[in-house]
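Dear colleague,

Please find below the structure that I am handing over to you. My notes on it follow directly after.

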Amino acid sequence: MPELSPQSSAAEIVAHLRAIGSEENRLGMLRYGIKIDRALGITHGMQRQIARKIKRNHERAFELWDTGIMEAQFIASVTADPKRFSAEDARRWAASFDSWDIVDGVSDLFVDTDAWKELIAEFAADEREFVRRTAFAMMAWSVVHRKKEPGATFLSFLPIIETHANDSRNFVKKAVNWALRSIGKRSMDMHGVALAAAERLAQSADRTARWIGKDAVRELSNAKTLARIAARKGGAETRFPACLDLADM
């Protein structure tokens, strides 16, 4: 099989993916709640290596996406051009989301588009489980990607978080919790406001909201967490969990 390069076609990339897929890895994904119907069983590390080899190609990214193969879709999200990626493109891709791992991977791209804030509000209001998860995964990723964004933008997400903190679906509530904790860890200025929101949720009559709030309070009150936030002098975290962080699934 020829070595992959920036000149590789979508068909060549898919052939390579099929050749290196692992049934053992594929079945192992089930342990983490990942749907494997469309997966070939290739690690995220390997997918990222392939994306680095083939480099950005916006048109080819859409061809990869349309294959429906999970790994090809993740590679598509890494190699698409966010500046050319429209809100309508994001809506179309999000409509096909069916597993938390593809949501968290592709949300990384969505945050780098011009329509990111519009999409967060829209997706949070959407009743589809994985589309709603996308909104909160985007909030969490934006803390990292949007380093120059004013803190007020992130704090404006807190009412959305509180509104949907009663969504008991596992893949939504974990993302809501992830977003709340991430906002609280961006800077000391934002920490207090996010912690106050977490404390309100921790006192909620709703079981899901209480879980989200208590878990966020636990992390945001931790001495080591506070020391890391203070050390950043108001900046975003330099290290962030990968999209497959199992604590956030």
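I begin with Arg18, which, once its neighbours within four places in sequence are set aside, is in contact with Leu40 and Ile69; contact here means heavy atoms within 4.5 Å. Arg18 and Ile69 are 51 residues apart along the chain, and their C-alpha atoms are separated by 9.7 Å. Arg18 is found in helix α1 and is exposed, with a relative accessible area of 54%. Buried means under 20% relative accessible area, exposed over 50%, and partly exposed in between, computed with a 1.4 Å probe on protein chains only. Helices (H or I, at least four residues) and strands (E, at least two) are DSSP runs, numbered from the N terminus.

Two remarks on provenance apply throughout. The model is predicted, so local features need pLDDT of at least 70 and side-chain atom pairs count only at pLDDT 80 or more, whereas totals for chains, interfaces and linings use all residues. Residues are numbered from 1 along each chain as its sequence is written, and side-chain values use heavy atoms, with hydrogens and water left out.

Helix packing

Two packed helices are described by the angle between their axes and the distance between the axes. Axes are lines fitted to C-alpha atoms, for helices over the stretch in contact, and angles run from 0 to 180 degrees between N-to-C directions. Angles under 35 degrees count as roughly parallel, over 145 as roughly antiparallel, 65 to 115 as roughly perpendicular, and the rest as oblique. A crossing is left-handed if the near helix is turned anticlockwise from the far one by less than a right angle, and right-handed if clockwise.

Helix α1 (residues 10-20) packs with α3 at an angle of about 155°, the axes being 12 Å apart. This makes α1 roughly antiparallel to α3, and the crossing is right-handed. From α1 the contact draws on Ile13, His16, Leu17 and Ile20, and from α3 on Met46, Ile50 and Ile54. By class, these residues are six nonpolar, one polar and no charged.

For α4 and helix α5 (residues 70-79), the angle is about 160° and the axes lie 8 Å apart. The two helices are therefore roughly antiparallel to each other, and α4 passes α5 in a left-handed crossing. On the α4 side, His58, Ala61, Leu64 and Trp65 meet Ala72, Gln73, Ile75, Ala76 and Thr79 of α5. This contact has six nonpolar, three polar and no charged residues. Gln73 is buried, with a relative accessible area of 3%. Not counting residues up to four places away in sequence, Gln73 touches Arg38, Leu64, Trp65, Gly68 and Ile102.

Helix α4 itself is mostly covered, with six of its eight residues buried: His58, Arg60, Ala61, Phe62, Leu64 and Trp65. These buried residues pack against α1, α3, α5, α6 (87-94) and α7 (100-111).

The axes of α7 and α9 come within 8 Å and cross at roughly 50°. The pair is therefore oblique, and the crossing is right-handed. Among the residues that make the contact are Trp100, Asp104 and Phe110 of α7 and Phe130, Arg133 and Trp141 of α9. The residues of this contact divide into eight nonpolar, four polar and three charged.

Nonpolar core

The largest nonpolar core has 79 residues, and those with the most contacts inside it are Phe110, Phe136 and Leu180. Helix α9 (residues 129-145) supplies the largest share of this core, ten residues. Such a core is a set of buried Ala, Val, Leu, Ile, Met, Phe, Trp, Tyr and Cys residues joined through side-chain atoms within 4.5 Å. Beyond its neighbours within four places in sequence, Phe136 is in contact with Ala124, Ile160, Ile161, His164, Ala175, Val176 and Ala179.

Loops

Lys55 lies in the loop between α3 (44-54) and α4 (58-65). Lys55 has a positive phi of about 65° although it is not a glycine, and at 49% relative accessibility it counts as partly exposed. Ala95, in the loop between α6 and α7, is partly exposed with a relative accessible area of 47%. The C-alpha atoms of Ala95 and Thr225, 130 residues apart along the chain, are separated by 36 Å.

Yours sincerely

Methods
Nonpolar A, V, L, I, M, F, W, Y, C, P; charged D, E, K, R; others polar.
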